[in-house]
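Please look over the model shown here.

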Amino acid sequence: MSVMVPSRTPALITPGQQALDSALHQLGQAAEELGLDDGLRTMLATPRRSLTVSVPVRREDGSLDVVQGFRVQHNVSRGPAKGGIRFHPSTDIHEVTALAMWMTWKCALVGIPYGGAKGGVSVDPTVLSTRELERLTRRYVNEILPLIGPEKDIPAPDVGTDEQTMAWIMDTYSVNAGYSVPGVVTGKPMTLGGSLGRTGATSRGVQIATLTALGRSPEGVTVAVQGFGKVGALAAQYLADAGARVVAVSDVSGAVHNSSGLDVADLRAWVTETGSVAGYRHADALAHDELLELDVDVLVPAALEGAITASNAPHVRARLIVEGANGPTTPEADEILAAQGTTIVPDILANAGGVIVSYLEWVQNMQAYSWSASEVEVRLRDLMEGAFSEVKSVAAARGLTLRQAAHVIGVGRVAEAHQMRGLYP
Ligand SMILES: NC(=O)C1=CN([C@@H]2O[C@H](COP(=O)(O)OP(=O)(O)OC[C@H]3O[C@@H](n4cnc5c(N)ncnc54)[C@H](OP(=O)(O)O)[C@@H]3O)[C@@H](O)[C@H]2O)C=CC1
Ligand SMILES: O=C(O)CCC(=O)C(=O)O
């Protein structure tokens, strides 16, 4: 028996179900390659703990909304569960489960002692005031309180959340504990025990992965970045700093293009001022879909899952895709791109810089000690480059794509942990 991907009616499938199907498909391929038995496959396909909560939010006008929140611990065989919290309207239990599963393989792949988790609230944070967001966050944390803790499950930022959200989580947990517990969450502000280097860590990892995959000077290499949030904006900046020519970026409101190269720092200042890339005066407007199909050397999807599908994959002209986002490429698109000779640095490797520096933040918190920016950066670089080199070797030795190799390593380590612990009958 292989890992079961449930059969669903395509027209009714939600983005979350699609993400979970992709994650199960990737697990199935890795399990097959590793020759895992049915019991272990089923265990790895099933989250260890899943909690769905109702979160009441008192709005500024006095009305009460109730939204759904989730925390899924996919696996804890190698250490405490670890993974971000997402606030987005289309978040559902399926999406959170997929994201938690990818966290498990990611942590195992880069060799940090964590399992995988993810959290989410089905809400559009952009329509809430700061006070409403704070009330929502605190109530959500109170609802998932039995699951989280510095030795159990450690949240972090993801789509729609930031260091302010992490500060509220840290405070809510600490008030319940009766003392300050900085290690309950990572991606915190520096003043509450955050780590130097965490803000740009995922993007720095994307830069390291891109330069490693290119294997040559990035001078003049053209890049398009989908998503200009915490990961995309700094990935664009770091790639431009390294000498690449970032020619297009997008966010929800639109995409902009300048074939001579965008001044990323100026564009970031524009976004801070106006809230979006749309209307940026030193670039032309572009349709969202066009960005993915531009004739560039490198494409960095850094928004949501399912961006590159069977429909647009045949039109993707980038020779290298570096996945800043989790799950941006569907399995069908993966096959098309592999046949076209496109190299994909998969999410669980390319965007691992974030959780690596989260781990370093947590280690500093647990020791009540802090490291310099360069100490953090050296450790990040070592772990990223080490993992990349292992993935390349396994891909070459077994004739696999980088994604398949990364999953074989990640899934293999988790399977081995289960077998050694004897948790699995
Ligand atoms: N933050 C982290 O440390 C990590 C994040 N990731 C992954 O990186 C990805 C991005 O996360 P993060 O940067 O934190 O999230 P943010 O919320 O900070 O940014 C998301 C960005 O994506 C944009 N976006 C959303 N939908 C689309 C679309 N259809 N087309 C173009 N742009 C779109 C948003 O636009 P707008 O601003 O207009 O809403 C925003 O610019 C996610 O997949 C996340 O899971 C992975 C590892 C770590
Ligand atoms: O920093 C972390 O702990 C997790 C970041 C995250 O959610 C991710 O890697 O997808």
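The shell around ligand 2 holds 3 nonpolar, 8 polar and 3 charged residues. Nonpolar means Ala, Val, Leu, Ile, Met, Phe, Trp, Tyr, Cys and Pro; charged means Asp, Glu, Lys and Arg; the others, Gly among them, are polar. This is a predicted model: local features need pLDDT of at least 70, side-chain atom pairs need pLDDT 80 or more, and totals for chains, interfaces and linings use all residues. Residues are numbered from 1 along each chain as its sequence is written, and chains are lettered from A and ligands numbered from 1 in the order written.

Of the 14 residues around ligand 2, Gly 84, Ala 156, Gly 354, Val 355 and Ser 358 come nearest. A residue counts as near if its C-beta atom, placed from the backbone, lies within 6 Å.

Helices (H or I, at least four residues) and strands (E, at least two) are DSSP runs, numbered from the N terminus.

S3 runs parallel to S5, joined by 5 bridges. Strands pair if DSSP finds at least two bridges between them. Gly 83 stands opposite Pro 155 in S5.

Why is strand S5 (residues 153-157) largely enclosed by the rest of the structure? 5 of its 5 residues are buried. Buried means 20 or more other C-beta atoms within 10 Å of the residue's own, with C-beta atoms placed from the backbone.

Key. Buried ≥ 20, exposed ≤ 12 C-beta atoms within 10 Å, placed from the backbone.
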